[in-house]
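Hi everyone, thanks for making time this morning. Let's take a look at the model together, and stop me whenever you like.

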Amino acid sequence: MAFSATFYPSSSPSLAFSSKTHKPIFTQTAYFSKSLTVKASTTLDKLSVDDKSPLPTKTNSWKWKFKENLINIYYEAHEGKSSDPSKNILMVPTISDVSTVEEWRSVARNIVQQTGQVNWRATIVDWPGLGYSDRPKIDYNADVMEKFLVDFINAPDGPMNSSENDLVVFGGGHGATITVRAAKKGLVKPKAIAAVAPTWAGPLPIVFGRDSGMETRYGLLRGTLRAPAVGWMMYNMLVSNEKAIESQYKSHVYANPENVTPGIIESRYALTKKEGARYAPAAFLTGLLDPVQSREEFLELFAAMEGKTPVLVVSSKGSPKRSKAEMEALRGTKGVNKFVEVPGALLPQEEYPNLVAEELYRFLQENFESKA
């Protein structure tokens, strides 16, 4: 989240904010591990991709019923030119104040163009309250996001209803961890999972912790951001401005500031102006979307995949220090079949899509092509 906040650990639950937007604190925690550790190639042309021939992309919406709400969920389907039967990949965006399907598009187009034993089809979906999906004023938390993911995958009328026996899930950030959490509970049963720069702690909890005093302050901030008038004013000052977004991307979302283009900033800024844009980010910022509460719980999620679901973890070399520490905690951890490292920070799949696609496609080949 792109703003500077000062929390005073006194007995009073007061909050003090600086209107300066040039030093965001949108750091998240992530971690990976297991027996195989690989360093990614630094070349960008390992995959054969015809960038000059645009592929058909089907955009659509699915109505998710949550309590009394019918929420329009935006998704995209990317397919190659082959008419052969396909296996399905669901790509889940990193959760943030500017989360969007756009971060996975280049990777999706890259993979579906590959010519191997398996014909792959990719679906990218926006979370409720984020991206191009509807943003109703509901009480967003990790359980809500998990239920959405489970329903999107399992619903008889859902976009993934034909992929029951062949679904692979690629997730970024919190999205990866929520996927693993749902798989641990047996709510979804993907044939493989790739966690790209996985995270588990929101921007404020990872910096300031979770003691009772801080949780009180987070609640006050969350309530203020959700309020009818002052909420929009604070959101516009702290999040919904181009300087804040640019600072966020250049400081820790991307590893190389030169890769942050005006087009990216304009796209993300437009997302912050959608109706209801502040509700889900308010929950994310203050830790309500965190799928676990500690590194130990995070490791336990991945350990539960041992012998059940192949897991690839894609770490990023330029992640913020706290996030990188969690990623390193996964190195060699039970339940992670393969650990690789690529350039980038919190969005390597968008900043370095060819390198990420190369590692993901290799993972698919290792786990599916010999079995095709």
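Tyr75 and Phe152 are both buried, and by buried I mean under 20% relative accessible area, with exposed being over 50% and partly exposed in between, for a 1.4 Å probe and protein chains only. Before I go on, this is a predicted model, where local features need pLDDT of at least 70 and side-chain atom pairs count only at pLDDT 80 or more, while totals for chains, interfaces and linings use all residues. Residues are numbered from 1 along each chain as its sequence is written, and side-chain values use heavy atoms, leaving out hydrogens and water.

Back to our two rings. Rings of Phe, Tyr and Trp (its six-membered ring) pair if their centres lie within 6.5 Å; planes under 30 degrees apart are stacked, over 60 edge-to-face, and the rest tilted. By that rule there are 13 aromatic pairs. Tyr75 and Phe152 make an edge-to-face one, 6.0 Å centre to centre with 70° between the planes. Tyr75 sits in strand 5 (residues 69-79) and Phe152 in helix 2, so this pair ties together parts 77 residues apart in sequence. Helices (H or I, at least four residues) and strands (E, at least two) are DSSP runs, numbered from the N terminus. Both rings also belong to one aromatic cluster with Trp62, Trp64, Phe66, Trp127 and Phe148.

What about the nonpolar cores? A core here is a set of buried Ala, Val, Leu, Ile, Met, Phe, Trp, Tyr and Cys residues joined through side-chain atoms within 4.5 Å. The largest has 51 residues, and Phe152 is among those with the most contacts inside it, along with Leu90, Trp127 and Phe302. Helix 2 (residues 142-154) gives this core its largest share, seven residues. A second, separate core of 29 residues includes Tyr74, Ile124, Phe170 and Ala357.

Now for the charged side chains. A salt bridge means a side-chain nitrogen of Lys or Arg within 4 Å of a carboxyl oxygen of Asp or Glu, and the count comes to 21. In one of them, Glu76 meets Arg105, with the closest N and O atoms 2.5 Å apart. That links strand 5 to helix 1 (residues 105-112), 29 residues apart. Glu76 is buried at 2% relative accessibility, whereas Arg105 is partly exposed at 22%.

Finally, Arg362 and Glu358 form a salt bridge at 3.2 Å between the closest N and O atoms. They are four residues apart in helix 13 (residues 353-368), which means about one helical turn separates them. Thanks, and over to you for questions!
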